[in-house]
Amino acid sequence: MRLHEIYDLAVQAGIAADPRGQTGIERILARNQADFDALPEDRRWEFDSESLTNPFADTRVLLGDPDLEVRSVLVGIDLEVGEVLLANTLRAQGEPVDLLLAHHPEGRALARLEEVMGVQSDIWNRFGVSLAYGDAVMRDRRSEITRALHPLNTQRTVAAAGLLDFAFMCCHTPADNNVNAFLQERCDEMGEDHTVDELL
């Protein structure tokens, strides 16, 4: 499978399982398009054009040829410089690694993490919390995340992967959306009279 196919499948799976539904996703994409259209022509080069088709700022191909044929993947919740070096050691020992696939974002996807936090308000809304209250709570948390991430070297792991010639992708919200959908379906099947232990 090619790298761009893996990426496209991840985004589409995330959209299909998103608690905001197709209407919510279309609203996000329309807002991103409006932001792009409002930019003066000389500033459009800096806009994240992926956001016009992918509503998840924390899911990106960070490195690699989109047509790369991917046969083997090193997958992890967090892939940092140590895991990049591990992949390089495996490759040196004859174990092919075509793609590094992290759940938690790195690079430009990590730098924009606060943009995807709005989904939490929509999830809470399904359980009776008003969108206004959810957005107010998340506004403070978004601000905290922005301040915490701003001074970090978000490119460190991506740079290490680039120096060692690895393709690198992260898939955060789409994976979370599918886990949430799976668990919600299971909870709905079990009903209200079961425990977390029974769920596990």
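**Close-up 1. Aspartate 165 in a loop of the predicted model.** Aspartate 165 is exposed, at 65% relative accessible area. That value is over 50%, so the residue falls in the exposed class. The loop that holds aspartate 165 runs between α7 (156-163) and β4 (167-170). The backbone is the point of this view. Aspartate 165 has a positive phi of about 65°, although it is not a glycine. Most residues other than glycine have a negative phi.

**Close-up 2. The salt bridge between arginine 108 and aspartate 48.** The N to O distance in this pair is 3.6 Å. Arginine 108 lies in helix α4 (residues 107-111), and aspartate 48 in the loop between α2 (21-38) and β1 (60-63). The pair therefore ties together parts that are 60 residues apart in sequence. Arginine 108 is partly exposed, at 36% relative accessibility. Aspartate 48 is buried, because its relative accessible area of 17% is under 20%.

**Close-up 3. The salt bridge between arginine 20 and aspartate 18.** Side chains of opposite charge can pair when their charged atoms come close. Here the N to O distance is 2.7 Å. Are the two partners buried or exposed? Both arginine 20 and aspartate 18 are buried.

**Close-up 4. The salt bridge between arginine 44 and glutamate 41.** The closest N and O atoms of this pair are 3.7 Å apart. The cut-off is 4 Å, so the contact counts as a salt bridge. Arginine 44 is partly exposed, with 23% relative accessibility. Glutamate 41 is exposed, with 64%. In total, the model has seven salt bridges. Among them are the pair in this view and the pair of arginine 20 with aspartate 18.

**Close-up 5. A nonpolar surface patch of Val129, Tyr133 and Val137.** Together these residues have about 250 Å² of accessible area. One of them, valine 137, is found in helix α6 (residues 131-149).

Terms used. Residues numbered from 1 in each chain as written. Predicted model: local features only at pLDDT ≥ 70, side-chain atom pairs only at ≥ 80, totals over all residues. Heavy atoms only, no water. Salt bridge = Lys/Arg side-chain N within 4 Å of Asp/Glu carboxyl O. Buried < 20%, exposed > 50% of the residue type's maximum accessible area, 1.4 Å probe, protein only. Helix = DSSP H or I, 4+ residues; strand = E, 2+ residues; numbered from the N terminus. Patch = residues over 30% accessible without salt bridge, like charges linked within 9 Å, V, L, I, M, F, W, Y side chains within 5 Å. Areas by Shrake-Rupley, 256 points an atom, 1.4 Å probe, with all protein chains shown as cover.
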